Amino acid sequence: MKIVYVSDVSKTARLLHQLFREVVLYVEVENIMHMMTDNTANYIAAGKLLMEEFPLIFWSPCAAYCINLILKDIGKLQSVCSVIEHASGIIKYIYNHCYALYLIRKFTGGKEILHPTPTHFATNFIVLQSILAHKDELRALVTSRECVSSAYAKYSEGKKFVESVRLSVFGRMCNNYANE
């Protein structure tokens with residue numbers, strides 16, 4: 001409908017309100033029931049101004065973003081953080097070593113184990129679920145003749161990877177957090 005270039009200006013509540021207002025007037029207020037935006041302070045203020053001016057419009061912050069922020073806070077808890085770090089270590093080892101990646105793809109029938117992204121905190125919990133879903137394949141991999149006899153298994157990094165997968169405590173912890 002409309003593109004507005006605002007990269008060069010500060011996105012104040014007033015500016016955002018003005019931009020949202022223009023859209024409301026263009027679309028016509030009776031055709032809008034709900035607006036959803038980012039939930040930073042400037043967007044919250046702009047949403048409130050919009051609802052004051054147009055009482056028929058309901059504004060809310062993006063639910064996915066709110067959930068992501070909640071998961072970010074949960075991920076900072078020490079017990080959760082240690083499980084996520086443990087899972088990240090397993091994932092990093094697999095995706096940084098071509099033979100380990102070859103083996104996991106072989107043992108999972110070509111399925112990937114998901115890995116986290118730095119900006120989406122929900123992915124940490126998705127990674128835990130993914131590792132949990134492939135725990136049998138991971139355990140089969142680290143006890144397989146191919147893995148045990150490989151050069152990778154002889155290095156300290158490989159030994160640490162094998163031990164990480166074998167730890168049943170990690171499996172239980174991963175199961176607890178992935179299902180919550």
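The second largest cavity holds about 60 Å³ of space. A cavity here is a set of points on a 1 Å grid over the protein atoms alone where a 1.4 Å probe fits but cannot get out, and its volume is the space filled by probe spheres set on the points, which are joined across faces, edges and corners. The count comes to two cavities of 30 Å³ or more.

This is a predicted model, in which local features need pLDDT of at least 70, side-chain atom pairs count only at pLDDT 80 or more, and totals for chains, interfaces and linings use all residues. Residues are numbered from 1 along each chain as its sequence is written, and side-chain values use heavy atoms, leaving out hydrogens and water.

Lining residues have an atom within 4 Å of a point. Among those around the second largest cavity are Tyr93, Leu141, Cys147 and Phe161. Helix 5 (98-107) and helix 9 (156-166) each supply at least two residues of this lining; helices are DSSP runs (H or I, at least four residues) numbered from the N terminus.

Helix 6 (residues 122-133) packs against helix 7 (residues 135-143) at an angle of about 60°, with the axes 4 Å apart.

| Helix | Residues in the contact |
|---|---|
| Helix 6 | Ile131, Leu132, Ala133 |
| Helix 7 | Lys135, Glu137, Leu138 |

There are four aromatic pairs, meaning rings of Phe, Tyr and Trp (its six-membered ring) with centres within 6.5 Å.

Key
1 Å grid on protein atoms, 1.4 Å probe; cavity = no way out; pocket = protein on both sides within 12 Å on 5 of 7 lines; lining within 4 Å. Axes fitted to C-alpha atoms, helices over the stretch in contact; angles between N-to-C directions. Contact = heavy atoms within 4.5 Å. Phe/Tyr/Trp six-rings, centres within 6.5 Å; stacked < 30°, edge-to-face > 60°.
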